[in-house]
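Here is a short briefing on one protein chain. It takes the overall layout, then a helix, then the surface and charge pairs.

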Amino acid sequence: MTPKPPLPRRTPQHVAPDKIQEAVDARDALAAALTSVGIQLPAMDVRTPWPVTDDSDAGRATRYALIHLGVCSAPVALALAAVIVDGAVR
């Protein structure tokens, strides 16, 4: 049985600073858009991707950061789904 990989890091490390800023800006834009329609995902965060487990990219900076959306309640998930469907219909 192979062990599970560790969770993504909460503090970005070995990620190009412009990619971290790109992810922060995207997270903030998504949070603002969701807020404008009455939806809040309180656990949104920027994280680094899974660590490299082989030596193929060892020593290279990661090329992106991830936007972690966190968890939400069923009513929030339903509201988010409704907003997405409404936007797709337009």
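Among contacts in the protein chain between residues at least 6 apart in sequence, 68% join residues at least 24 apart. The model is predicted. The chain has two helices and two strands. Along the sequence they follow the pattern α-β-β-α.

**Burial and surface**
- The chain has 90 residues, and 16% of them count as buried.
- Leu30, Ile67 and Leu69 make a nonpolar surface patch of about 210 Å².
- Leu30 is the helix 1 member named here. Its relative accessible area is 34%, so Leu30 is partly exposed.

**Helix 1**
- Helix 1 covers residues 17-36, which is 20 residues. At 1.5 Å a residue it should span 28 Å. Its end C-alpha atoms lie 29 Å apart, which agrees.
- Ala23, Arg27 and Leu34 are buried in helix 1. They cover an arc of only 35° around the axis, so they sit on the same side of helix 1.
- The buried residues of helix 1 pack against strand 1 (45-47), strand 2 (66-68) and helix 2 (74-89).
- The face turned away from the buried side of helix 1 carries the exposed residues Pro17, Asp18, Thr35 and Ser36.
- Gly38 follows helix 1 and has a positive phi, near 80°.

**Salt bridges**
- A search of the whole structure finds three salt bridges.
- Glu22 and Lys19 pair through their side chains, at 3.7 Å from N to O. The two are three residues apart in helix 1, so about one helical turn separates them.
- Glu22 counts as partly exposed, at 46% relative accessibility. Lys19 is also partly exposed, with a relative accessible area of 29%.
- Arg27 and Asp28 form a salt bridge at 2.9 Å, N to O. Arg27 is one of the buried residues of helix 1. Asp28 counts as partly exposed, at 40% relative accessibility.
- Asp45 bridges to Arg47, with the closest N and O atoms 3.7 Å apart.
- Asp45 counts as buried because its relative accessibility is 15%, under the 20% cut-off. Arg47 is buried too, with a relative accessible area of 9%.

Note on methods: Residues numbered from 1 in each chain as written. Predicted model: local features only at pLDDT ≥ 70, side-chain atom pairs only at ≥ 80, totals over all residues. Heavy atoms only, no water. Helix = DSSP H or I, 4+ residues; strand = E, 2+ residues; numbered from the N terminus. Buried < 20%, exposed > 50% of the residue type's maximum accessible area, 1.4 Å probe, protein only. Contact = heavy atoms within 4.5 Å. Expected span 1.5 Å × (residues − 1). Arc of directions from axis to C-beta. Patch = residues over 30% accessible without salt bridge, like charges linked within 9 Å, V, L, I, M, F, W, Y side chains within 5 Å. Areas by Shrake-Rupley, 256 points an atom, 1.4 Å probe, with all protein chains shown as cover. Salt bridge = Lys/Arg side-chain N within 4 Å of Asp/Glu carboxyl O.
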